[in-house]
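The following exercises are to be worked with the sequence and the coordinates at hand. Each task is followed by a solution in steps.

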Amino acid sequence: MKKTTLFLCLMMAHFFLFGQNLLDNTQVKWGNEMKFNKKMTLSEVAAADKTGYYLIKRKYAQEVRESQKLPHLEKYDQNLRYVKSVDLSKLDLPGKPSFVNLLHLNQQLWLFYATDPGKGGKEGLYRLAIDGNSLRPDGDSHFVMETGNKGDKSGFAGLGISLKSTDPQFYFHHVPNQDRLLIVHENGALKKQEKLVNLLVLDLEFNPIWIREETIHANSDELEVVNALLDSNDNAHLLSKSMPANIGVKALFKQEKYFFTLTSVTQNGKEALHKQIDLQENQINAANIQVNQDGALYFGGFYTNANRATKGTGGTYFLKINGKDHSLLSQQIEAFDASFLTRGLSEGKAKRKSKKLAQGKNPEDSYFFLDEIIIKNDGTVVFVGEDRQETTVSNTSASPNTGVVSTSVNHHYSYGSIVVAEFSPEGERNWAKKIVKNQKSTNDSGFYFSYSVSLINNNLYFIFNDNVKNLGYNGRGKVERFTPKSYKEHMMTFARLDGEGNVSRSSLSMNRNRNLMTITPVNTQTDEHEMVVYGQHKKKYRLARLDFDPKMLAAE
């Protein structure tokens, strides 16, 4: 009897710690339970080392506003048990510091912040060593990079390696294989349809390889940097997007003319190339860039027919470009097929769309955003994006008794299916698939929406909030809607997309409870075969580590 009781206790303890087995023999180990605070929320896994994980925590209002105020820093041990928390805004730092980054480099945790220290000090980016145990400063701050907009050129000093950046003025790209780091800083506002950017390439001893100030040209008064990368030849590549400044209700439905420009700095910073990408009869909706191990540049995304008056997506385009001289190596443009266009639709809508295709009308899909381009271990290239819309609706009414006019404003968030397309290294599309989901809410900034993706064992793994009624979804028909307030319908979907385009879906559970909800930015791949995820049920949450079996390769 005692042995039986002991066995049952051990089994319960194992389930409590590991919870369940997922796809591909993936093991889940949950940390200790924490109380959810509506005023504070975990934001991201910023760094990890052999002692544990370092997470950023902010006030909820600061998170949804993307505030740059210095956040709280929390540490969790290797078993995802809470260890310690420190409010970084309480540190004695010069001026009014804003948070830029937190990273771990050479067994040292670094805080990066921007400030104007005054008293003759340089306005710019600084770094401060943080002790990994006490989470307190370990030494003095060090100047990194000048950021003041006073007309003089930026100066540079030593810099660490960034895992993530939350300040939109800074872009980091670390190339581990050749021990290089690229940092790009946008220098001020757009003037006369031009913007200055400063680029710096460093080795891991923080010695400059090259420095350059470059001008990015826009086709309007609106411009943003989409991505910044460094290739294996120490050439830096920037993708920028300029767009019309028209806003309002009509802009929600009217097709906008976007202009994407590729800027490459080559020959150790001595030369710069500029190339505006044009698909002629097709209009680029979304674009991104990536570089392969040979220094070739991939530029691709989604397009729509240039003659259409409304927003939509007709298919994918893929350009392979020589990173040294911008010569075009290959180009592929391909429309979506019927199986893609009808996936996730009701039976009636699917039939109507198929009929249009049969009539040669070439219907388009929703407007997709391209979030990233991933290069797999076998050299294949993957586009990952999402169908998402954010709209604002205002209603004005007058009281029948007093005649007082009042206006109410509601912000609606709709995050639909994940869109994935895989290509050969030369750009031939192997397949395009949707991972169907339906997330909608009002006036909550879409905080619990979107998805996380990790490349492990040459498979793509996605985690997102879902409706528990979709547990057995097989890809046909519509899915039930996820809304944050419906606790009994919550489910964290764990989906695998393999190299053949096959989608397998399961769910994460905690103590046999499937009604979990996640905060997507927290879910992070922290090692080659490891992820950290966030799971919340009502007013309690835990962090978990997902350990993937390295033997479960996609090719097998």
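**Exercise 1. A hairpin and its neighbours**

How many residues lie between S24 and S25 in their hairpin, and which Gly in the turn has a positive phi?

Solution. The model is predicted: local features need pLDDT of at least 70, side-chain atom pairs count only at pLDDT 80 or more, and totals for chains, interfaces and linings use all residues. Residues are numbered from 1 along each chain as its sequence is written, and side-chain values use heavy atoms, with hydrogens and water left out.

Step 1. The hairpin of S24 and S25 has 6 residues between the strands, and Gly403 in the turn has a positive phi of about 80°.

Step 2. The two strands run antiparallel and are joined by 17 bridges; Val393 has Asn410 in S25 as its bridge partner.

Step 3. S24 also pairs with strand S23 (residues 368-375), in the antiparallel sense and over 7 bridges. The hairpin of S23 and S24 holds 5 residues between its strands, with Gly379 in the turn at a positive phi of about 95°.

**Exercise 2. The second largest pocket**

Determine which residues lie nearest the centre of the second largest pocket, and which elements contribute to its lining.

Solution. Step 1. A pocket is defined on a 1 Å grid over the protein atoms alone, as an open set of points where a 1.4 Å probe fits, with protein on both sides within 12 Å along at least five of seven lines; lining residues have an atom within 4 Å of a point.

Step 1. The space in this pocket is about 820 Å³, a volume being the space filled by probe spheres set on the points, which are joined across faces, edges and corners.

Step 2. Of the 29 lining residues, Gly344, Leu345, Lys349, Ser366 and Asp387 lie nearest the centre. Helix H5 (347-358), strand S24 (381-398) and strand S25 (405-423) are the elements that give two or more residues to the lining. S25 supplies the largest share, 5 residues.

Step 3. By class, the lining comprises 12 charged, 10 polar and 7 nonpolar residues. In this scheme Asp, Glu, Lys and Arg are charged, Ala, Val, Leu, Ile, Met, Phe, Trp, Tyr, Cys and Pro are nonpolar, and the others, Gly among them, are polar.

**Exercise 3. Burial of a strand**

Is strand S19 largely enclosed by the rest of the structure or left open, and why?

Solution. Step 1. A residue is buried under 20% relative accessible area, exposed over 50% and partly exposed in between (1.4 Å probe, protein chains only).

Step 1. In S19 (residues 282-291), 10 of the 10 residues are buried, so the strand is largely enclosed by the rest of the structure.

Step 2. S19 is joined by 9 bridges to strand S20 (residues 296-305), and the two run antiparallel. Gln283 stands opposite Thr304 in S20. The hairpin has 4 residues between these strands, and Gly295 takes a positive phi near 90°.

**Exercise 4. Aromatic pairs**

Classify the ring pairs Phe449 with Phe482 and Tyr534 with Tyr541.

Solution. Step 1. Rings of Phe, Tyr and Trp (its six-membered ring) pair if their centres lie within 6.5 Å; planes under 30 degrees apart count as stacked, over 60 as edge-to-face and the rest as tilted. The structure holds 22 such pairs.

Step 1. Phe449 and Phe482 have ring centres 6.1 Å apart and planes at 70°, so this pair is edge-to-face. Phe449 lies in the loop between strand S27 (439-442) and S28, and Phe482 in the loop between strand S29 (459-467) and S30, so the pair ties together parts that are 33 residues apart in sequence. Phe449 is buried, at a relative accessible area of 2%, and Phe482 is buried at 1%.

Step 2. For Tyr534 and Tyr541 the ring centres are 5.1 Å apart and the planes at 20°, so the pair is stacked. Both of these Tyr residues are buried.

Step 3. One aromatic cluster is formed by Tyr298, Phe318, Phe383 and Phe423.

Note on methods:
Two strands pair if DSSP finds at least two bridges between them.
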